[in-house]
Amino acid sequence: METSGERTDRFGILLDQFDMAREMAQVRLTGLVDEEYLWEPVPGSWSIRRRSEVTTPRAFGPGEWVLDKGAPDIPASEYAEIAREVAGGMTIEKIAKDWSVSTQRVEEVLAHTGPVQPDAAPVTTIAWRLGHLHSNFAGDWEWTFGERRRDPHELVDFTPDSALALQRFWATVDRWRESVATVTEEQLDTVGFSQYPYGSNPDEPYICVLSGMNLEFIHHMAEIALLRDLWRARPTAGS
């Protein structure tokens, strides 16, 4: 059903939401230059860097430039979701595999009581946020519509060239969006329609995966927008 040209079915709402977010994001990224793209707001920010210069233990990528990634853990923001998954029948072993942590760590999360403290998340560069999103969209496409065999960590050739990074990013996003448009109602409800190996996709109906992709895109693009504002307002020599 549509009202004033807007779709109101569950699939249409998600697609329209994504399309609007994508349009806003592309406008917001206009004029991005290499220096801003790689700007580290604080020392030690996560970014992309040459393989020979990595400082994080699980940085990944197929080429010379890799994306920072830290030691595996379950962030505090996910504690409630972990408890819901266990209550819904997911095994501790499966959760540990999804997060690349030990079963003991999952048990510690489940035993946690009291207020949850905010995560000490790393500060990142625009290059890191774009690279992270690029890897997610490339991986979901490969493990939903592709051959379902290539490691998502090897799909994106990260680059310090902001214009090239954006060109590749939007091409990947648009390929994913084009394929998503072909999904049927039955596939939307199919558990494991996406077999993306890093996370809970294989255990979820694809409609839930799509909702999560929207949230991932929107919140990272909001963070990129803030980084652009901070770049513009940063102290400069002589100011």
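Contact here means heavy atoms within 4.5 Å. The model is predicted: local features need pLDDT of at least 70 and side-chain atom pairs count only at pLDDT 80 or more, while totals for chains, interfaces and linings use all residues. Residues are numbered from 1 along each chain as its sequence is written, and side-chain values use heavy atoms, with hydrogens and water left out.

Begin with Thr56, in the loop between β3 (48-50) and β4 (65-67). Strands (E, at least two residues) and helices (H or I, at least four) are DSSP runs, numbered from the N terminus. Leaving aside residues up to four places away in sequence, Thr56 touches Trp46, Asp68, Lys69 and Gly70. The side chain of Thr56 makes a polar contact with the side chain of Asp68 at 2.8 Å. A polar contact is a pair of N or O atoms within 3.5 Å; within protein, one must be able to donate a hydrogen and the other to accept it, and residues adjacent in sequence count only if both atoms are side-chain atoms. The Thr56 side chain also reaches the backbone nitrogen of Lys69 at 3.2 Å.

Now turn to the helices. The axes of α1 (residues 10-28) and α7 (residues 162-180) come within 12 Å and cross at roughly 165°. Axes are lines fitted to C-alpha atoms, for helices over the stretch in contact, and angles run from 0 to 180 degrees between N-to-C directions. In α1, the residues Phe11, Leu15, Phe18, Asp19, Arg22, Ala25 and Gln26 meet Trp170, Val173, Asp174, Trp176, Arg177 and Val180 in α7.
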